[in-house]
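Trainee: Could you walk me through this protein, please? I would like to learn how to read what is on the screen.

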Amino acid sequence: MLHRIALAALVALALSLGGCKDYKDTPVTNAVEGSRFIKVSEAHLISTGEPSVTLAGSTTTYLLVRLEFNNDTASDIAPAIEQIIYVSPDGTRLHGNDAGSTVFIGVSNYKGIVKKGEKHEYTVGFRLNTPTQGGYIYYDPSS
């Protein structure tokens, strides 16, 4: 419950900061699935107002996800945010991010080792080429 309040506060902060007044928040938690290591706690589509690099005249949209990383392996893991992958309904693979946009102001993720049997909460963003609902998130240590 505390983590949901933290993500809601993070989204509210991102929406209220300078240059972010045009942000639009669309909850999509039920549309995004997790996988073996990933449990999606909360997900939002955030339209930032930042210019899109893929389509002139459009703005950037992020999928901002609060997730639980569960290490159920027999060894310790040091996951990097970039190793958390979102696959959109059309099959596009996007690597996770937690910096580089005002949407990430206030995000601070655990950077250490997740020991076997431990869980850690992360906030991860994915810069979408096309705003979409659905898809799934997984951990890929080879990325």
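**Rings and cores**

Mentor: Let us start with phenylalanine 126, which is buried, with a relative accessible area of 0%; buried means under 20% relative accessible area, exposed over 50% and partly exposed in between, using a 1.4 Å probe and protein chains only. This is a predicted model, in which local features need pLDDT of at least 70 and side-chain atom pairs count only at pLDDT 80 or more, while totals for chains, interfaces and linings use all residues. Residues are numbered from 1 along each chain as its sequence is written, and side-chain values use heavy atoms, leaving out hydrogens and water.

Trainee: Which type of aromatic pair do tyrosine 86 and phenylalanine 126 form?

Mentor: Rings of Phe, Tyr and Trp (its six-membered ring) pair if their centres lie within 6.5 Å; planes under 30 degrees apart count as stacked, over 60 as edge-to-face and the rest as tilted. Here the distance is 5.6 Å centre to centre, with 40° between the planes, so by that rule the pair is tilted.

Trainee: How many residues apart in sequence are the parts that this pair ties together?

Mentor: Strands (E, at least two residues) are DSSP runs, numbered from the N terminus. Tyrosine 86 lies in strand E4 and phenylalanine 126 in strand E6, so the parts tied together are apart in sequence by 40 residues.

Trainee: Is tyrosine 86 buried or exposed?

Mentor: Look at the relative accessibility of tyrosine 86, which is 0%. With that value, tyrosine 86 counts as buried.

Trainee: Which residues touch the most other members of the largest nonpolar core?

Mentor: A nonpolar core is a set of buried Ala, Val, Leu, Ile, Met, Phe, Trp, Tyr and Cys residues joined through side-chain atoms within 4.5 Å. In soluble globular proteins, nonpolar side chains tend to be buried together. The largest core has 23 residues, and those touching the most other members are Ile38, Leu63, Val65, Leu67, Phe69, Phe126 and Ile137.

Trainee: Where is glutamate 118 found?

Mentor: Glutamate 118 counts as partly exposed because its relative accessibility is 30%. As for its place in the chain, glutamate 118 is in the loop between strand E5 (93-95) and strand E6 (119-128).

Trainee: Which residues does glutamate 118 touch, not counting residues up to four places away in sequence?

Mentor: Contact means heavy atoms within 4.5 Å. With residues up to four places away in sequence not counted, glutamate 118 touches Phe69, Asn70, Asn71 and Ile113.

Definitions and conventions
Helices (H or I, at least four residues) and strands (E, at least two) are DSSP runs, numbered from the N terminus.
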